[in-house]
Amino acid sequence: SRPVKLSVLVLGASNLRKADTFGSSDPYVICSARGKERFRTEVVQNSLNPQWNPHPYQVELRLAQELCFEVYDKDPFRRGDLLGTVSLGRSCCESGFDGDLDLGTGNGTLHVRIIC
């Protein structure tokens, strides 16, 4: 399959799981394809409903059949806790996408926009 250039925006999340004992989560998102990180968002402090700057990240899908989004809670002392994960298939990316993706039962949703 031919390479596809995408513009990917991670806009926000809703109803994230609370991972910290004290306060809320400090979420950020890692986007990967074929197990390789393509980009990560900045950390939003103390929020279960974070909004990220609508910065378009350029991603090229070559052999990858999907984009994977993982939401983590930033932890200063160790690797962050995984709050939820979701994948979007290549055909969906190629068609363009703008909407909320389910991060799994009880984990909330992630709002993503993809422009091909």
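**Close-up views of a predicted model**

**View A. The sulfur of C92 lies 6.3 Å from the closest cysteine sulfur, that of C93, which is too far for a bond.** This is a predicted model, in which local features need pLDDT of at least 70 and side-chain atom pairs count only at pLDDT 80 or more, whereas totals for chains, interfaces and linings use all residues. Residues are numbered from 1 along each chain as its sequence is written, and side-chain values use heavy atoms, with hydrogens and water left out. A disulfide is a covalent bond between the sulfur atoms of two cysteines. The structure holds 0 disulfides, the criterion being a pair of cysteine sulfur atoms within 2.5 Å. C92 is partly exposed, with a relative accessible area of 27%, while C93 is buried at 0%. Here buried means under 20% relative accessible area, exposed means over 50%, and partly exposed lies in between, for a 1.4 Å probe and protein chains only.

**View B. K5 and E60 form a salt bridge, with their closest N and O atoms 2.6 Å apart.** The pair links distant parts of the chain, since K5 belongs to strand β1 (residues 4-14) and E60 to strand β4 (residues 57-61), 55 residues apart. Side chains of opposite charge can pair when their charged atoms come close. The term salt bridge requires a side-chain nitrogen of Lys or Arg within 4 Å of a carboxyl oxygen of Asp or Glu. Helices (H or I, at least four residues) and strands (E, at least two) are DSSP runs, numbered from the N terminus. Is K5 buried or exposed? K5 is exposed, with a relative accessible area of 61%, whereas E60 is partly exposed at 23%. E60 also meets the side chain of R62 in a salt bridge of 2.7 Å, N to O. R62 counts as exposed, at 54% relative accessibility.

**View C. The side chains of R113 and D98 meet in a salt bridge of 2.9 Å, N to O.** Here too the pair links distant parts of the chain: R113 lies in strand β8 (residues 109-115) and D98 in strand β7 (residues 97-102), 15 residues apart. R113 is partly exposed, with a relative accessible area of 30%, and D98 is partly exposed at 46%. Elsewhere, salt bridges that share partners join K5, E60 and R62 into one network. A search of the whole structure finds 5 salt bridges.

**View D. An open sheet of 4 strands shows antiparallel pairing in the order β3-β2-β5-β6.** Strands β3 (36-40) and β6 (81-89) stand at the edges with a single partner strand each, so one side of each has no neighbour in the sheet. Direction ignored, neighbouring strands of this sheet are turned by 25 degrees against each other on average. Axes are lines fitted to C-alpha atoms, for helices over the stretch in contact, and angles run from 0 to 180 degrees between N-to-C directions. Two strands pair if DSSP finds at least two bridges between them. How many bridges join β5 to β6? Strand β5 (residues 66-73) and β6 run antiparallel and are joined by 8 bridges. The bridge partner of E70 is T85, in β6.

**View E. S47 is found in the loop between β3 and β4.** S47 counts as buried, at 14% relative accessibility. Residues up to four places away in sequence not being counted, S47 touches S24, S25 and P27. Contact means heavy atoms within 4.5 Å.
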